[in-house]
Structures are given as structure tokens and as C-alpha cells.
Amino acid sequence: MEKSEEAGADDEPNFRYRGIKAMPFIIGNETFEKLGTVGTSANLLVYLTTVFNMKSIRAVTLINIFYGTTNLGTLVGAFLCDTYFGRYKTLAFATVASFTGMLVITLTALVSKLHPPHCETEQIGSCIVPKPWQIAFLLLGFGLLVIGASGIRPCNLAFGADQFNPTTESGKKGLNSFFNWWYFTGTVAMMIALTLVIYVQSDVSWALGLAIPTFLMFLACVLLFMGKRIYVKVKPKGSPMKSVMQVIVAAARKRQLKLPEQPWLTLFSHVPSNSINSKLPYTDQFRFLDKGAIITPEDQISSGGSAANPWRLCSIQQVEEVKCLMRVIPIWASAIIYYTALSQQQTYTVFQALQSNRHLGQSNFKIPAASYGIFSMLGLIIWIPIYDQIMVPLLQKITGKEGGITVLQKMGVGMFLSIVTMLVSAFVEHQRRSLALSEPTLRNDSRRGVVSSMSGLWLIPQLTIVGVSEAFTVIAQVEFFYKQFPESMRSIGGSFSFLGVAVSSYLSSFLVSTVHQTTAGAATGNWLPEDLNKGRLDYFYYLVAALGVINFGYFLISANWYKYKENVCIAQELPMDRVESEKPLV
């Protein structure tokens, strides 16, 4: 029998991994967690505007802040996981927090006193707004969801990977199988949440529709704890950010020193024998950091060869690891505007759908507004095998590179497609608005105004393109951070993607509020009013597209400047079928 107690790094060789036995519990936990989380959060925008009688601008702002804080919290979660609690304890606490948050939000729909009365009036401004204590109770649920996501996102995939021995063939095979099932079941769960669960919420009952994902999240908790005795639980090894700070402090202390002519020969080059990071060659970028590795008479070396005071003297290996971190920051920053464009497809596309003909053909069935997001997921799912089986072999023949194009080139293609997405979105919105104002419409929504006769299916092209865009940029970004960060910083690297989404959510909230306030007295009228037919959402989309063009130029400059990490010895294979060539973008 294999131990179930926590294992430190030094104990791992004596461990008998139970990967296959642990898979049902971890995959089951992930599946039900996705069903619960997506089933609760995907339709929150409609919930806030219909049940809590919020204005569109306020609801969009709140959702953007919620998404931003949720993604920003992953950095805190990764730090606490790596430094203090380990993945299992962090994941267990976060899963319970998510369940509690969903339960609180379900109560706001189930108990009538926890939300304002339903708005029956024809005057939108006369709807009774929620009381401060009702908002506070709702925000309590949001806060618990933030805590849950902050711990689950940086830990669940890594915790599953911990159950397999990456040094054996059976362990590698099981790990690949785990990654495949993890992504497959997660995607299926999200599709179910975006269709069946949202349908129950929108067309049957909000209380029942929110209770279903809450119950599924409860099952996720049960499955996680059922496998407690057979999990491999790796002890926290400390945050790699401490080493980063040591390099910065040491370089700052020695900022007055002059660098040697051949730094790769004379700088302090000790590498601990137990280091999991691959040896990095010297690079000439960010040379001011090299000063932290200059040996002075005041510096002392311990008997083991390490610096006696690592806050005064750092190895050139540590310096190069920090350079890896600093080099990715410009690339990371370029994704902020990209994710800002994507966030519009999660918010204002829902409002476009609400004022479009959502009937499926001539039937009485209406597609829930929040369910249109499934088309972006379908675009991603359909495009990936086409790209992998058809495009990659073709590109390999043309470029002679493994994978056809580099990781950064893939990111660039996705960013270009995001600009196309916003242009298509603006065109479709112009047509929707024109039909609503000039031709007979389906009905007059008492809360939002005239519903256009344009079929909501015309929203599919923009959503499909954004899905293909994600297949390029988002997946490439995950791969990029995984490969370009030092091995000890991969938890931080994984959180970098979430951090980009967080900043973009805050930026999107700021952009929406600024445009709403600035255009309120403009000759064109308010671009983002409650009734989209009285606004110019298409102009707003053109603005986001223009920002995307500027950002795309910045990305090209950053990509050409970037130097890939060399001589990397990857300890664990990527959860992807192909690995891109690590040559600079040209």
C-alpha cells in the first residue's frame, strides 16, 4: 500500500503513485466543479438585470469586477498553495468556499426577501432597486466564489498531475490520459452548463436553475474528500518569488558597481544540487540585474558553495531566472487588450441577444441569451482538430518548423482575429439596430425596449471567430508561460494568464463606464444606454477594434524583441499534442 501522508520533495522517490485509482475522484471533482461554477456564473448578467433590477451598465461593471477579482485572486491562491498549504488543502478549502458561495446566491433567488420585487412596470426607471443589505448578501456569495476560484484554478490541474510519477513510462502515459480526460470532461461540463442549466434558469425557475449547480458543486466536494486516503499530497516547497526578490535586492545594493567584460565567466555561478530548474545560459538583456551576482570582498561563501547572505549575492542562474520572468511581461501585457475584446462577447453580446429574435426557426423555443456563448466554444472545439490535422502539416511543409509556426506567431494570429471579431460584431449590431428602428419588430420589451426582428443566429459568426481566436492565442499563451518560466515558477506562470484576464476585466469595466459617461451628452447620443436601439453599441465595438489594432502593433514589436529561453529541460510534458518551435518570431 502507498502512503497517503504528505510527501516532500525528498520523499517522492519512495512514493507509490496511485494515479489511475485517484483519477475518478479528481476528474469527477473537476467535472462537477465546472458544472457548478459555469452554471452559476455564466448567466449572472441576466440574473442581475432581471431579478435584482440592476441597470445594464451597473450589472456589466459588477460582473467585470467580479471576473477581474476572481482571476486576480489566483495569484494569491498560487502563492498560498506553494508556500504554506499545499495543493490538496488549498483545493479542499476552495471547493467548500465555492459551494458555500453558490448556496448564498441560490438563497437570493429562493427567498423573496433577499431580492427586490419583480419589475412589472413599463417604466424601467420605476423598478424597485435592491436594498443595501440585499446587495451585501449577494456580494457575500460573490466573495465566496472569488475565494473558491482563487484556490481551485491554480491547483486542480496540478494536483491531478501530482498523482502520477513523471519519471516512469506508465506514469507519463497515465498523465497524458489524465490531461485528455481533464480537458474533455471540463469542456462537456461547460457545454451542459451553457445549455441545459441556463435554460432552466431563464425559462423555468431561477431558484431551481441555481440550485442545480449548487448541488453539483456539493457532489464535487464529496468526490474530492472521498479520495482523501489515496491522494499523493506534495508538501509546499516555498514561493519562488523569494528568489526573485533576492535578485532585485542584491542588484540594487550593488547598483554602483561596474559589470565585468565577460560576465558569464566571472559572475557567481553556484547552482544547488537539488534545484529542479534547468541550467540557463547567460543573456545580455536586463544587464543591470547581473550586478547582483558580482562577488565582492564583503560577500561570503558557505562550505556548500552557496552564498552566505543570498540578499547580497545571487547566482547568475537566479539572475537568468528573473530575466525569464521580466522578458515575458511585455508579451503578457499585450494580452490585456486582447482579453478586453473577448470580454465584450461575454457581456454585451448577451444584451444584443436579448433584443434580437431568439426563436429557433418557426418554433416557440427561444435560445436563452446567455447560451449563445456556446457557439464560441463550438468554434474552438471544431477548429482545434482541423488546425492540428490539416493546417499544421501544411504549415510544416511551408516553414519547415515543427508545429508549422511558433508560439508567438500563434498568439499573433489570435490577436488579429480578435480585431476581426470586433469589426464583425459592429456590423451585426448596426444591422440589428437598423431593423429594430425601421421594420416591424417582434415585441416591445418593457425593460429594454424594442426587440429587433433580426435572428439571434446572426451573432454566431462573431462568436465562432472569437472561439477560433481563443484556440490560437489562449492555448498558445498557456503553452508560452509553461515553457518560458523556470520550472519552479510554473504555478506563478499559470497564474499569469489569469492575471491578464483580471486586468482586462478591470479595464473593460473602466472603458464601459467612461464611454457611458462621456457619450451621455454627445451629438450621437449615449453609446451604451439601457435600450441598445437608442445607443450606438457598434461605435463602441469599433473603438475596441481600434485599440486592438494599436495593441497588435505593440505585440509585433514585443515579439520580435523577445528571446526564447534556451537549453530547457522540461521535467513534465505539456498537456498538448504538439510543442511549438522555440525560435524567435521574425
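Q: What makes a space inside this predicted model a cavity?
A: A cavity is a set of points where a 1.4 Å probe fits but cannot get out. In this predicted model, the largest cavity holds about 60 Å³ of space, and a search of the whole structure for cavities of 30 Å³ or more finds 1.

Q: Which helices supply the lining of the largest cavity?
A: Helices α10 (316-354), α12 (407-438) and α15 (537-561) each give at least two residues to that lining. Among the lining residues are I337, M415, S418, V544 and N551.

Q: How many residues of each class line the largest cavity?
A: The lining has 8 nonpolar and 3 polar residues, and no charged ones. G548 is one of the lining residues, and Gly counts as polar by definition.

Q: Why are C155 and C324 called buried?
A: Buried means under 20% relative accessible area. C155 is at 0% and C324 at 1%, so both count as buried.

Q: Which residues have the most contacts inside the largest nonpolar core?
A: They are Y47, Y348, L528 and F540, in a core of 84 residues. Helix α3 (residues 56-110) contributes the largest share of this core, 15 residues. Y348 touches residues including I57, V60, L528 and Y541.

Conventions. Residues numbered from 1 in each chain as written. Predicted model: local features only at pLDDT ≥ 70, side-chain atom pairs only at ≥ 80, totals over all residues. Heavy atoms only, no water. Core = buried A, V, L, I, M, F, W, Y, C linked by side-chain atoms within 4.5 Å. Buried < 20%, exposed > 50% of the residue type's maximum accessible area, 1.4 Å probe, protein only. Helix = DSSP H or I, 4+ residues; strand = E, 2+ residues; numbered from the N terminus. Contact = heavy atoms within 4.5 Å. 1 Å grid on protein atoms, 1.4 Å probe; cavity = no way out; pocket = protein on both sides within 12 Å on 5 of 7 lines; lining within 4 Å. Points joined across faces, edges and corners; volume = space filled by probe spheres on them. Lists of a residue's contacts leave out its neighbours within four places in sequence.
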